[in-house]
Amino acid sequence: MKKFTWLACLGLAIVLVAGIIAFSVQTAGGKVQIRDVRFVGSNGTVMSALLYVPKNATAKTPAPGILAVHGYINARETQSGFAIELARRGYVVLALDETGHGYSDSPAFANGFGGPDGLAFLRSLDIVDKNNIGMEGHSMGGWTILAAAATMPDAYKSVVLEGSSTGKPYAAEGSTTWPRNLAVVFSTMDEFSVLMWGVPRGKDAPKSPKLQAVFGTTDPIEPGKIYGSIEDGTARVLYQPVTTHPGDHLSNAAIGYAIDWFAKTLSGGNPIPSSNQIWFWKELMTLAGFIGFVLFILGVGGLLLSVPVFAPLAKVPPAGKPAKGAGLWIGALIATAIPALTFFTFMGWGAKWIKAGSFWPQNITSQLAIWALLNGVISIVLFLLWHFVLNRKNGAKAEDYGIGLTWSDAWRTLLYGFAVIVCGVFLLGVADYLFKIDFRFWVLALKFPSPIQARIALAYAPVFFLYYLVASLALNGQLKLANKGPATRYWFAIGTASAGFLVFLLLEYIPLFAGGTLLSATQPLNTIIAIQFLPLMIVTSLFSTWFFEKTGRIYAGALINALFISWYIAAGQATHFLVR
């Protein structure tokens, strides 16, 4: 019990310290106030945003305003680097949740992605100088602010498109006069270069005919050169930081270019150099918060097994009869390779088979659920073949794999899994309330779930439970290292679960870094989604092994993983069907 108490307290301490530091950074040491706001937009849609209010912004001394918008399958916190730096320079920043994202009402893509409503709300604030408003949007967030610019053409002064574009598929065509005072920040290794500007590589953006038409030239665009006139609202400039599409959020250069452009096109900001940036400390602290959360779950999971109702679940894990020698390594190789090798194909099948509806309303989550389901089917078939053809001869039985389960243990396990996750949700809720943070780093983001997102998560959880049940059976039954200490078993399980996606990402991104295109150039979105798999596979394999070691069965870890992953995905994805 001392070990579990120590783990839970360590997790709490990390979250507390990280939250205090993160809050200090994003409020610029108390000079900026962060408000969690809701407002009603078009068609009664309730919109969500974080409002960053610097002390200089009052009704008597209104400050310039910025509408900052995230991209597809992200949320308002994704723009925190931009929001923090702009707010500490004296701008009122509205970091918006697009429709169907974060805490804004579904469906996604409705009402100009929520952009016109966001701009209208920003302009309604008496602390905002209505003659000095800019807009910044990343990826689909760029289309969001362009929808606002098209709807309210005289309501803003300048625009920054980060990794985004004018024109098809989701925005009005750009010209030499629209949108007003446009900065395009398009990275040299942006994975969406074909979609956005019709060029094979991000570094080819200066040669894009589509972009050249917006700049009013037929020659290659010179990055950093201002075309047109700021005074007339026709200024255009291209910036090219050396990073990727999601890398814009971790780039001092990408954020700095937005700072510089608004300093040139808006008046009233503080002259802090764009090189003076502090946002990354907040990002590090919310990563620490995620690590603290994981430790807290491990500690609380152990402590709950001392509660009388859950105490019968605490069992010594079976010695087992796992694969040995070459069979063990072949099995591990197959287990690590198949999930990565099938990722694009099964995600594609999921997109074709499942359309958003009232029960499963999130397209990407549905695709991931189909990927998980089919991988579970493959894994159980391979496991059963191994057991009946090879391992049953060695006397292996269900008990050796941690499969045995009584009805009494079944309902206790169900309550136990929910109790562990509820404790984790409560911890994140407290962090959100006290410090206005979630647990994130870059594309990895665990958000406090809204009631609707919690309901959505429960709808997907059974499929992920089946997947993690089979995964635990493989990791802790078939591929368990015999006669090794717990630490070795943990590392082996983590490596088996995550190595495939590590190799997958290296194969995709080494060509991008070397030549400017992904190995699978037609799969930019799914490749970026896969980046999250590496840390998530590490965490879920840790949970699987930890709870198997504590309960001697595969069920508790599988349930906790299913609830955790369903929560993680549902709270961070776009909801494409109207859900109330």
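This is a predicted model: local features need pLDDT of at least 70, side-chain atom pairs count only at pLDDT 80 or more; totals for chains, interfaces and linings use all residues.
## How H2 and H7 lie against each other

Helix H2 covers residues 80-87 and helix H7 covers residues 252-265; they pack at an angle of about 40 degrees, and their axes are 10 Å apart. Angles under 35 degrees count as roughly parallel and those from 65 to 115 as roughly perpendicular, so H2 and H7 are oblique to each other. Their crossing is right-handed.

Which residues bring H2 and H7 together? From H2 come Gly81, Phe82, Glu85 and Leu86, and they meet Ala254, Ile255, Ala258, Ile259 and Phe262 of H7. Sorted by class, this contact has seven nonpolar residues, one polar and one charged.

## A second pair: H1 and H12

Now look at helix H1 (residues 2-26) and helix H12 (residues 407-435). Their axes are 10 Å apart, and the helices pack at an angle of about 30 degrees. Because angles under 35 degrees count as roughly parallel, H1 is roughly parallel to H12. The crossing of H1 and H12 is right-handed.

## Phe4, a buried residue of H1

Phe4 also lies in helix H1. Is Phe4 buried or exposed? With 10% relative accessibility, Phe4 counts as buried. Leaving aside residues up to four places away in sequence, Phe4 touches Gly299, Gly302, Leu303, Trp546 and Lys550. Pro200 is another matter: 196 residues separate Phe4 and Pro200 along the chain, and their C-alpha atoms are 52 Å apart.

## Cysteines without a bond

How many disulfides does a search of the whole structure find? The search finds zero. Cys9 is in no disulfide, and the nearest cysteine sulfur, that of Cys423, is 13 Å away. A disulfide needs two cysteine sulfur atoms within 2.5 Å, so the 13 Å from the sulfur of Cys423 to the closest one, in Cys9, is too far for a bond.

Cys9 counts as partly exposed at 44% relative accessibility, and Cys423 counts as partly exposed at 26%.

## The loop between E6 and E7

The loop between strand E6 (158-162) and strand E7 (182-185) is worth a visit, and Pro169 is found there. The peptide bond leading from Lys168 to Pro169 is cis, with omega near 10 degrees. Pro179 lies in this loop too, and the peptide bond from Trp178 to Pro179 is also cis, with omega near -5 degrees.

Asn181 is another residue in the loop between E6 and E7. Its phi is near 40 degrees, which is a positive value in a residue other than glycine. Asn181 counts as buried, at 2% relative accessibility.

Ile73 sits in the loop between strand E3 (63-69) and H2. Ile73 has a phi near 50 degrees, a positive value in a residue other than glycine. With a relative accessible area of 11%, Ile73 is buried.

Finally, where is Pro462? Pro462 has its place in helix H13 (residues 451-478), and counts as partly exposed at 47% relative accessibility. Pro462 and Ile133 are 329 residues apart in sequence, and 47 Å lie between their C-alpha atoms.

Technical notes
Residues are numbered from 1 along each chain as its sequence is written. Side-chain values use heavy atoms; hydrogens and water are left out. Buried means under 20% relative accessible area, exposed over 50%, partly exposed in between (1.4 Å probe, protein chains only). Axes are lines fitted to C-alpha atoms, for helices over the stretch in contact, and angles run from 0 to 180 degrees between N-to-C directions. Helices (H or I, at least four residues) and strands (E, at least two) are DSSP runs, numbered from the N terminus. Angles under 35 degrees count as roughly parallel, over 145 as roughly antiparallel, 65 to 115 as roughly perpendicular and the rest as oblique. A crossing is left-handed if the near helix is turned anticlockwise from the far one by less than a right angle, and right-handed if clockwise. Contact means heavy atoms within 4.5 Å. Ala, Val, Leu, Ile, Met, Phe, Trp, Tyr, Cys and Pro count as nonpolar, Asp, Glu, Lys and Arg as charged, and the others, Gly among them, as polar.
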